[in-house]
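Please look through the sequence and the model below, and then read the report that follows them.

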Amino acid sequence: SNESATALALVRDALGKYTDIPLEQIRLDTKLADIQIDSLTLAELLFELEDRLAVRMPEPAAMPQVVADLIAMVSPYLPGSSLKNAA
């Protein structure tokens, strides 16, 4: 869907600040540990995503392990998300 493409673009763009991996190589199943995203970097990345979305996300119940986990976190906050209005 268009929404997940938007979320992937957003997450890839934010990850670009913290990893040297070419962004087109970052896929949904990419493990964050494999692209040098440790827990400290992850915290910075989540703040970065919050800033870009102008939201405050709740603390994740489980730490994101793969890119898809990050996308699941940001998707509800994307403009035009059906979930946003329900929140």
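Of the 87 residues of the chain, 39% count as buried, where buried means under 20% relative accessible area, exposed means over 50%, and partly exposed lies in between, with a 1.4 Å probe and protein chains only. This is a predicted model, in which local features need pLDDT of at least 70 and side-chain atom pairs count only at pLDDT 80 or more, while totals for chains, interfaces and linings use all residues. Residues are numbered from 1 along each chain as its sequence is written, and side-chain values use heavy atoms, with hydrogens and water left out.

The chain has four helices and zero strands, both being DSSP runs numbered from the N terminus (helices are H or I with at least four residues, strands are E with at least two). The radius of gyration of the chain is 12 Å, close to the 12 Å that the globule rule gives for 87 residues, so the chain is as compact as a globular protein of that length; the radius is taken over C-alpha atoms, and the rule is 2.2 Å times the number of residues to the power 0.38. Along the principal axes, the C-alpha atoms fill a box of roughly 35 × 25 × 20 Å. Among contacts between residues at least 6 apart in sequence, 58% join residues at least 24 apart, a contact meaning heavy atoms within 4.5 Å.

In helix 3 (residues 67–74), the residues Val-67, Leu-70, Ile-71, Met-73 and Val-74 are buried. They cover an arc of only 160° around the axis, which puts them on the same side of helix 3; the arc is that of the directions from the helix axis to the C-beta atoms. An α-helix has 3.6 residues a turn, so residues three or four places apart point the same way. The buried residues of helix 3 pack against helix 1 (2–15) and helix 2 (39–53).

Two single residues can be set side by side.

Leaving aside its neighbours within four places in sequence, Ser-75 is in contact with Ala-7 and Ser-81. Ala-9, for its part, is 14 residues from Leu-23 in sequence, and the two are 9.0 Å apart in space, C-alpha to C-alpha.
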